[in-house]
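Have a look at the two chains shown below.

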Amino acid sequence: MNPASRSVVPDACSRFGRPLLEVKGVSKVFKVNGSPKSILEGIDLTAGCGELICLLGRSGCGKSTLLKILAGFLPHTSGEVLLEGTRIKGPGPDRCVIFQEDALFPWLTVEENIALGLRNRAVGRGTVRREVERFLGLVGLGEFRDYLPREISGGMKQRVALARVLILQPKILLMDEPFGALDAQTREDMQGLLLQIWEQLSHTIVFVTHDVSEALVLADRVLVMGMSPGRIEEEIPVALERPRAKDHPDFLALSRRLANALRRSRL
Amino acid sequence: MRSVARQGFLTVLHPALPWVLPAACLLLWFVVCQRGLVPPYLLPHPRDVGLAGLRYVFGELGQGPYSGRFAGDALASLGRVGAGFGLAVLLGIPAGLVSGRVAIVERLLGLSINGLRAVPGISWLPLAVIWFGIGMKTTLFLIALAAFFPIYLNAAAGASQINPLLLQAGAMMGFRRFRSTFGILIPGAMPHILTGLRLGLGISWAYLVLGELSGVPDGLGAVIMDARMSGHIEMILVGIVLIAAIGRMSDELLRRFMRLCFKSARRMS
């Protein structure tokens, strides 16, 4: 399904003619042992409204750093990051992050974790309860509402992480290898869940991964990153029907193409 | 069969386990005194200590030198511990949390606090007596000073070891400083904070006795000192046992209070 044909279009999209996210010539230089080391160089990318793009790269290519810059956790050295044409300034609820590791609040139950972000806003109790209910249902955790994070599995934790940011209605979801620590089966389930939610809610998603097949299952567009310094090497649109079968010849062909691009990216 | 029997024995013994050592000590004490192995002016018979304790706690005022004084003494001591410990909490937790998060504050405070910490609390006593005289102020000063360090250090450790992802997650949810401090930093550091509070309260009782030894009219430490002067060794022992009991109870109350007040204390420790 192509993003424009999906039924629900977030308000942000209809108001806005330009791409939702624009990254222009962003670079990042870290000091390593006193000498500057270029981590990211001349990154240009855009994400249209409701688009799901994957940043594919080997470990160490700077893809997580790029995501942290988009989230506002790290300042960039030069270039600019625009969200709806406005420069981003520090972290904020319009750009929500799903981390690779467990970042749930260990002293809050599943339900309280999901409600926390809304409680911070001037929203009535009834609304909070209704919204929490809706997102608990969406990620299928209704029965586990009273569990603490340490009492649920890794896959369930990432479901909670998804629900607690979706409830904030962010303009863009930034996902940093969110399923990297899960077993293969759970990872597939989570990919399915993410696509299902994405088709319902039409979020714009930037998804970081090192896994070719994950990128191909999910993305509208894959950006292959090279390293030292991190840069965008190649942009490959994925025009396959969803749900995508991993044994389809087109899938396999693209998969080979991406694998080759990754191999080349080493240099 | 044998292992089942053993299991049964352990289940019966388990609740009694903490009392095995005290009971053994009591028994040894009893035997030693009963046989007259140690003269009573060094170690009085447990029966005499028990009776002195009963008179002290339940007797009527004026019947004997210590009769019925317990309630007043305990109240006076609790007041001093409460005030001194409270002061240490009020200073130690905010200072600890800030220096655990802000490198420049840690750099500013670290040397001084660790330097002061190296001074044994007892060496402050002469100075405190000169500054504050004998009584409440000196005791309060000593308790607050001694309890401050474990509270401060543990709060700082808790704040610096908090998972940075939790603070990032808060920032992403739009938490500002206040919300981030009370909603994330304090709950996240709670296990450490609680350890610091328990250590601090324990030390408060130790320094209570030190403060009261300097010669105040009432209080559990004062009774011990007074009993030494007047040769009532059984009252020294009564004082020691009572302070142990009250100290243990106050630790339990502190834990329950924290668990009652904070989700994080309930769910993370």
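This report goes through the whole model, then each chain, and then some single residues.

This is a predicted model, in which local features need pLDDT of at least 70 and side-chain atom pairs count only at pLDDT 80 or more, while totals for chains, interfaces and linings use all residues. Residues are numbered from 1 along each chain as its sequence is written, and chains are lettered from A and ligands numbered from 1 in the order in which they are written.

## Confidence

For the complex, the predictor gives an ipTM of 0.86 and a pTM of 0.84. Chain B has a mean pLDDT of 89, with 97% of its residues at 70 or more; pLDDT is the predictor's confidence in each residue, from 0 to 100. Where pLDDT is low, the predicted coordinates should not be read in detail.

## The two chains

Chain A has eight helices and 10 strands, whereas chain B has 12 helices and zero strands. Helices (H or I, at least four residues) and strands (E, at least two) are DSSP runs, numbered from the N terminus. The table puts some values for the chains together.

| Chain | Radius of gyration | Box of C-alpha atoms | Buried residues |
|---|---|---|---|
| Chain A, 267 residues | 18 Å | roughly 55 × 45 × 40 Å | 44% |
| Chain B, 269 residues | 23 Å | roughly 70 × 70 × 30 Å | 35% |

The radius of gyration is taken over C-alpha atoms, and the globule rule is 2.2 Å times the number of residues to the power 0.38. A compact globule with 267 residues would have a radius near 18 Å, so the 18 Å of chain A agrees. For 269 residues the rule gives a value near 18 Å, but chain B has 23 Å. The boxes are taken along the principal axes, for chain A and for chain B. A residue is buried if 20 or more other C-beta atoms lie within 10 Å of its own, exposed if 12 or fewer, and partly exposed in between, with C-beta atoms placed from the backbone.

Contacts are another way to look at a chain. Two residues are in contact if their C-beta atoms, placed from the backbone, lie within 7 Å. In chain A, 72% of the contacts between residues at least 6 apart in sequence join residues at least 24 apart. In chain B, residues 24 or more positions apart account for 70% of the contacts with a separation of 6 or more.

## Where the chains meet

How many residues of chain A are in contact with chain B? There are 18 of them, in contact with 15 residues of chain B. On this side of chain A, the elements that give two or more residues are β6 (95–98) and α3 (110–119) of chain A. By class, the side has 14 nonpolar, three polar and one charged residues. Here Ala, Val, Leu, Ile, Met, Phe, Trp, Tyr, Cys and Pro count as nonpolar, Asp, Glu, Lys and Arg as charged, and the others, Gly among them, as polar.

## A sheet in chain A

Chain A contains an open sheet of four strands in the order β2-β1-β4-β5, with antiparallel pairing. Two strands pair if DSSP finds at least two bridges between them. Because β2 (35–47) and β5 (86–87) of chain A stand at the edges with a single partner strand each, one side of each is left without a neighbour in the sheet. Helix α2 (residues 63–71) of chain A packs on the sheet and touches β1 (21–32), β2 and β4 of chain A.

## Some single residues

Is A:V238 buried or exposed? A:V238 counts as buried because it has 21 C-beta neighbours inside 10 Å. A:V238 sits in the loop between β10 (231–237) and α8 (249–264) of chain A. That loop also holds A:P243, and the peptide bond from A:R242 to A:P243 is cis, with omega near -5°.

A:N33 lies in the loop between β1 and β2 of chain A. A:N33 is not a glycine, yet has a positive phi of about 50°. With 5 C-beta neighbours inside 10 Å, A:N33 counts as exposed.

Definitions and conventions: Axes fitted to C-alpha atoms, helices over the stretch in contact; angles between N-to-C directions.
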